[in-house]
Amino acid sequence: ENARYADPCDACFASWGSKGFDLVVGTSFGFQDCMISAAALHPNTMFLHISGFKTATPNFGVGSTRLYQPLYLAGYTAALVSQTGVLGVVAPVQIPETYLQTSAWVLGAMAARPNVTVHVAWLGSWSDPPLEDFIVTHFQ
């Protein structure tokens, strides 16, 4: 199903548990707390949250992708093609996963060009186009 943050995700995950699913996978950070609640209610269903960091019950686990690898290469490439040696990153919400990803980008840039300057701005949200525009316009 295509559950979204605006949907009552507690109800979605709990319904899958009550239907006796063996495994329920959530693939977005915003589902973490909903999945923890559902796991507590349905101990015979395994819940796997991709991009989470909390642990709760024996039937709830977390996993992650290796996005840090291509992000390292993206930072490396950005530093190589930069004419000024000054780079900027607009990052979303400050959670362990995004710290890892942003750090990988910065480390890639520093590996390619040790004297590079990297400015990191945290949005504090997953999407805020007006704030993103403002940050990019006023980065210097």
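## Close-up views of a predicted protein model

Phenylalanine 13 and phenylalanine 31 are both buried. The legends below refer to a predicted model, in which the protein chain has an average pLDDT of 88 and 94% of the residues score at least 70.

View 1. Of the 3 aromatic pairs that the structure holds, one joins phenylalanine 13 to tryptophan 16 in an edge-to-face arrangement, with 5.1 Å from centre to centre and 85° between the planes. These two residues are 3 positions apart in helix H1, and about one helical turn therefore separates them; both phenylalanine 13 and tryptophan 16 are buried. The ring of phenylalanine 13 also pairs with that of phenylalanine 31, and because the planes stand at 65°, with the centres 5.4 Å apart, this pair too is classed as edge-to-face, the cut-off for that class being over 60 degrees. Since phenylalanine 13 belongs to helix H1 and phenylalanine 31 to the loop between E1 and H2, the pair ties together parts of the chain that are 18 residues apart in sequence. Phe13, Trp16 and Phe31 form one aromatic cluster.

**View 2. Helix H1 and what covers its buried residues.** Helix H1 spans residues 9-18 and has the lowest mean pLDDT among the elements of the protein chain, 83, whereas the highest, 96, belongs to helix H3 (residues 68-81). Buried in H1 are Cys9, Cys12, Phe13, Ala14, Trp16 and Gly17, and their cover includes strand E1 (23-26), helix H2 (32-41) and strand E2 (46-50). Alanine 11 is also placed in helix H1, but its relative accessible area of 44% makes it partly exposed. From alanine 11 to serine 37 the C-alpha to C-alpha distance is 10.0 Å, although the two are 26 residues apart in sequence. After H1 comes glycine 20, which has a positive phi near 85°.

View 3. The 3 strands form an open sheet in the order E1-E2-E3, and their pairing is parallel. E1 and strand E3 (60-63) are the edge strands, each of them pairing on one side only, and neighbouring strands are turned against each other by 20° on average, direction ignored. Between E2 and E3, which run parallel, there are 4 bridges; histidine 49 has valine 62 in E3 as its bridge partner. Helix H2 packs on this sheet and touches E1, E2 and E3, with its direction making about 170° with that of E2.

**View 4. The salt bridge between lysine 54 and aspartate 33.** In the 1 salt bridge that the structure holds, lysine 54 is joined to aspartate 33, and the closest N and O atoms are 2.8 Å apart. Lysine 54 lies in the loop between E2 and E3 and aspartate 33 in helix H2, so that the pair ties together parts 21 residues apart in sequence. With a relative accessibility of 30%, lysine 54 counts as partly exposed, and aspartate 33, at 44%, likewise counts as partly exposed.

Notes:
Residues are numbered from 1 along each chain as its sequence is written. This is a predicted model: local features need pLDDT of at least 70, side-chain atom pairs count only at pLDDT 80 or more; totals for chains, interfaces and linings use all residues. Side-chain values use heavy atoms; hydrogens and water are left out. pLDDT is the predictor's confidence in each residue, from 0 to 100. Buried means under 20% relative accessible area, exposed over 50%, partly exposed in between (1.4 Å probe, protein chains only). Contact means heavy atoms within 4.5 Å. Two strands pair if DSSP finds at least two bridges between them. Axes are lines fitted to C-alpha atoms, for helices over the stretch in contact, and angles run from 0 to 180 degrees between N-to-C directions. A salt bridge is a side-chain nitrogen of Lys or Arg within 4 Å of a carboxyl oxygen of Asp or Glu. Rings of Phe, Tyr and Trp (its six-membered ring) pair if their centres lie within 6.5 Å; planes under 30 degrees apart count as stacked, over 60 as edge-to-face and the rest as tilted.
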